[in-house]
Amino acid sequence: MSKEVLDKAQAILNGMNGQHGILGCLLIASDGALLASSLPAEIDTAMIAALCSTLFSNNSISIRRMNRGDLAQMTLVTERGILHFYQVADAVLVALTARGHKVSLEGLLRLVEEQGEVLTGLVKPS
């Protein structure tokens with residue numbers, strides 16, 4: 001992926017921060033490599049990216065085995081916030097919220113889907 005595409009992806013992630021309770025976002029390649037992140041600097045983004053990639057991949061396999069098609073999105077609600085995953089071509093967009101922040105789940109899902117579609121058009125191989 002070119003530097004220009006990664007810079008545009010980074011700008012999209014940065015623009016999502018603060019909306020609907022989003023603490024930060026990750027764009028993760030299918031192999032678990034971190035492509036872009038808007039999470040705070042003190043967070044180990046490479047480790048979070050690898051774990052998120054594993055979560056999405058394992059659930060994707062399970063969904064296919066249940067004959068439910070391909071996994072497009074998933075939301076995990078934890079005691080420390082929400083993680084919302086969105087398939088972006090051969091990558092995954094993950095938005096994280098923090099507990100105690102005002103979160104509009106409907107707004108979060110809509111924003112991630114809108115920006116996920118923009119990112120899909122940006123990173124999709126020609």
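In what follows, buried means under 20% relative accessible area, exposed means over 50%, and partly exposed lies in between, with a 1.4 Å probe and protein chains only. Arg-64, for instance, has a relative accessible area of 44% and is therefore partly exposed. The structure is a predicted model, in which local features need pLDDT of at least 70 and side-chain atom pairs count only at pLDDT 80 or more, while totals for chains, interfaces and linings use all residues. Residues are numbered from 1 along each chain as its sequence is written, and side-chain values use heavy atoms, with hydrogens and water left out. Helices (H or I, at least four residues) and strands (E, at least two) are DSSP runs, numbered from the N terminus.

**The sheet**

- Five strands form an open sheet in the order β2-β1-β5-β4-β3, and their pairing is antiparallel. Two strands count as paired if DSSP finds at least two bridges between them.
- At the edges lie β2 (34-37) and β3 (73-78), each of which pairs on one side only.
- On average, neighbouring strands of this sheet are turned by 15° against each other, direction ignored.
- Seven bridges link strand β1 (residues 22-29) with strand β5 (residues 91-97), and the pairing is antiparallel.
- Leu-26 has Val-94 as its bridge partner in β5.
- Ile-28 has a bridge partner in β5, Val-92, and one in β2, Leu-34.
- β1 and β2 run antiparallel and are joined by three bridges.
- The hairpin of β1 and β2 has four residues between the strands, and Gly-32 in this hairpin takes a positive phi near 95°.
- Strand β1 is mostly covered, with seven of its eight residues buried.

**Helices α1 and α3**

- Helix α1 (residues 3-16) packs against helix α3 (residues 105-123) at an angle of about 175°, and their axes are 10 Å apart. Axes are lines fitted to C-alpha atoms, for helices over the stretch in contact, and angles run from 0 to 180 degrees between N-to-C directions.
- This angle makes α1 roughly antiparallel to α3. Angles over 145 degrees count as roughly antiparallel, under 35 as roughly parallel, 65 to 115 as roughly perpendicular and the rest as oblique.
- From α1, the residues that meet α3 are Val-5, Lys-8, Ala-9, Ile-12, Leu-13 and Met-16. Their counterparts in α3 are Leu-111, Val-112, Gln-115, Val-118, Leu-119, Leu-122 and Val-123. Contact means heavy atoms within 4.5 Å.
- The residues of the contact of α1 with α3 comprise 11 nonpolar, one polar and one charged. Ala, Val, Leu, Ile, Met, Phe, Trp, Tyr, Cys and Pro count as nonpolar, Asp, Glu, Lys and Arg as charged, and the others, Gly among them, as polar.
- Helix α3 also lies across β1, β3, β4 (81-88) and β5, and runs at about 30° to β4.

**Salt bridges**

- Side chains of opposite charge can pair when their charged atoms come close.
- The whole structure holds four salt bridges. A salt bridge is a side-chain nitrogen of Lys or Arg within 4 Å of a carboxyl oxygen of Asp or Glu.
- One of them joins the side chains of Lys-8 and Glu-4, at 3.3 Å from N to O. These two residues are four residues apart in helix α1 and so are separated by about one helical turn. Lys-8 is partly exposed, at 43% relative accessibility, and Glu-4 is exposed, at 52%.
- In another, Arg-110 and Glu-106 have their closest N and O atoms 3.4 Å apart. Both residues lie in helix α3, four residues apart, about one turn of the helix. Arg-110 is partly exposed, with a relative accessible area of 42%, whereas Glu-106 is exposed, with 58%.
- The side chains of Arg-64 and Asp-70 also form a salt bridge, with an N to O distance of 3.1 Å. Asp-70 is exposed, with a relative accessible area of 61%.

**Loop residues with positive phi**

- His-20, although not a glycine, has a positive phi of about 55°. His-20 sits in the loop between α1 and β1 and is partly exposed, at 28% relative accessibility.
- Asn-67 is not a glycine either, and its positive phi is about 55°. Asn-67 belongs to the loop between α2 (45-65) and β3 and counts as exposed, at 68% relative accessibility.
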